[in-house]
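Welcome! Let's take a friendly look at two parts of a protein model, one step at a time.

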Amino acid sequence: MQLSLRGRSVLVLDKAQFGSGSTGQAAGLGGQLRSNPSETRLLMEGIKVVREMERKLNQKIFTKTGSLHVAATEDRALELRDFVKSGKAIGFEIELVDREFAKSRLPCMQTDDLIEFCYCATDGHFAPSELLSGYMRIARDAGATLLSDTLVEDILIEGGRVKGIQTADETFFAPVVVNAAGPWSYLVAELTQTPMATATLGHYYLVTEPISDVQIASTDAAIRDRANRIYSRPEMGGLLVGSYEQEPVEYSMEALPEDFQMSEIRIQRDNLNVALLIEAASQRFPFINERTPMSVTTGIMTFTPDGHALCGQVHDVEGLYHCTGFNGRGVFQSTSVGLLMANLICQERTGYQMGHLDADRFSDEPWLGDRESIRTRCRNRYANHYLIASKG
Ligand SMILES: Cc1cc2nc3c(=O)[nH]c(=O)nc-3n(C[C@H](O)[C@H](O)[C@H](O)COP(=O)(O)OP(=O)(O)OC[C@H]3O[C@@H](n4cnc5c(N)ncnc54)[C@H](O)[C@@H]3O)c2cc1C
């Protein structure tokens, strides 16, 4: 969308339907707070992008509910106080709040064990499909061509420069190619004999059906309870709760059948990770148990070893960019990463320090040629997603 709005000639290809990958499975949370202030600033910018899209499309895309972070121990409380200090320093709306306020924003939450709370008033959530169709409409109106059911089979490179891409029926020539193939990105990178430091991990969230004696309003706050490894937001009168478990299931994208549909991954209610998710959810929301009527959604996330995305040019192939590895946050990050990528590609100055997203930052690592080693690092990052955040 951002490149089309800058007058670039844009072609977007998807081997299946747009949104049929991770995006279609996402929980849609939009939390701006990151331990890296540049990233928080970029996400704050993303909210402005969405507001502008809503204005253009005359359609609501983002639901602002605010979000809570909670702590039950002194070290987690310290983490929240650090969040508030670093957020305020860059003008992000974040406050320490008391139990009564937190309870008023999310009445169905159990707070007896909690000692500290902070609140981010401008956070909220999206329906990922609405955000995606918004991007597509604006991009098309600005002249972009979008082709679904078109597999990129090869990336053409000549003399250290990208020349275009090859599909089964056609060659498309272009001075810039962006690999934004989500979980499949490492396979697309392999077309150019470049290993990519991503791994693809299963992730689950539950959505309870409305429960007669538990009031959940669509305006209730989202929450992150990092010690219990869970996040949550209201959904259709019920509660959506997801968890970053200790031992995620791993997928090899190359081993999946050709007609694989992410939306068709099914998981048994007695699966260990689902049992762990329900158990973690019940810690904060005691009305949730194995007998609660609920649906469970599964999808595949793309993780990197350090928890940051890979966004930028591949240094030894001019014109080839990666835009992937969003560590479970790519729907919301897309709002600002689109801006960042367009700035990079159009060689516009950006006011953001984004060195930590450099697409080539692992290129000197001795383990980069070893897929098993990459996978271990990414799995560890997933398992530690809600570890106490380091400052900076
Ligand atoms: C269960 C779950 C919950 C999540 N919750 C959240 C959340 O609350 N908030 C949030 O921000 N993020 C969330 N995420 C993460 C988010 O979904 C991803 O980060 C984001 O969707 C990544 O978008 P993408 O466009 O990079 O990848 P995808 O949406 O996977 O898109 C990649 C596309 O590339 C296409 N493709 C692949 N190979 C080729 C090829 N060779 N040629 C042509 N096309 C190809 C695929 O068909 C696919 O449509 C969640 C993810 C999951 C699985």
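Three strands form an open sheet in the order 9-10-11, and their pairing is antiparallel. Strands here are DSSP runs (E, at least two residues) and helices are runs of H or I with at least four residues, both numbered from the N terminus. Two strands count as paired if DSSP finds at least two bridges between them. Strand 9 (154-158) and strand 11 (171-173) are the edge strands; each has a single partner, so one side of each has no neighbour in the sheet. On average, neighbouring strands are turned by 30° against each other, direction ignored (axes are lines fitted to C-alpha atoms).

Strand 10 (residues 161-166) pairs with strand 11 in the antiparallel sense over 3 bridges. Look for Q166, which stands opposite T171 in strand 11.

## About the model

This is a predicted model: local features need pLDDT of at least 70, side-chain atom pairs count only at pLDDT 80 or more, and totals for chains, interfaces and linings use all residues. Residues are numbered from 1 along each chain as its sequence is written.

## Helix 5

Which residues of helix 5 are buried? They are P128, L131, Y135 and A139, where buried means that 20 or more other C-beta atoms, placed from the backbone, lie within 10 Å of the residue's own. These residues cover an arc of only 70° around the axis, which puts them on the same side of helix 5 (the arc is that of the directions from the helix axis to the C-beta atoms).

Just after helix 5, G143 takes a positive phi of about 110°.

How values were computed. Buried ≥ 20, exposed ≤ 12 C-beta atoms within 10 Å, placed from the backbone. Axes fitted to C-alpha atoms, helices over the stretch in contact; angles between N-to-C directions.
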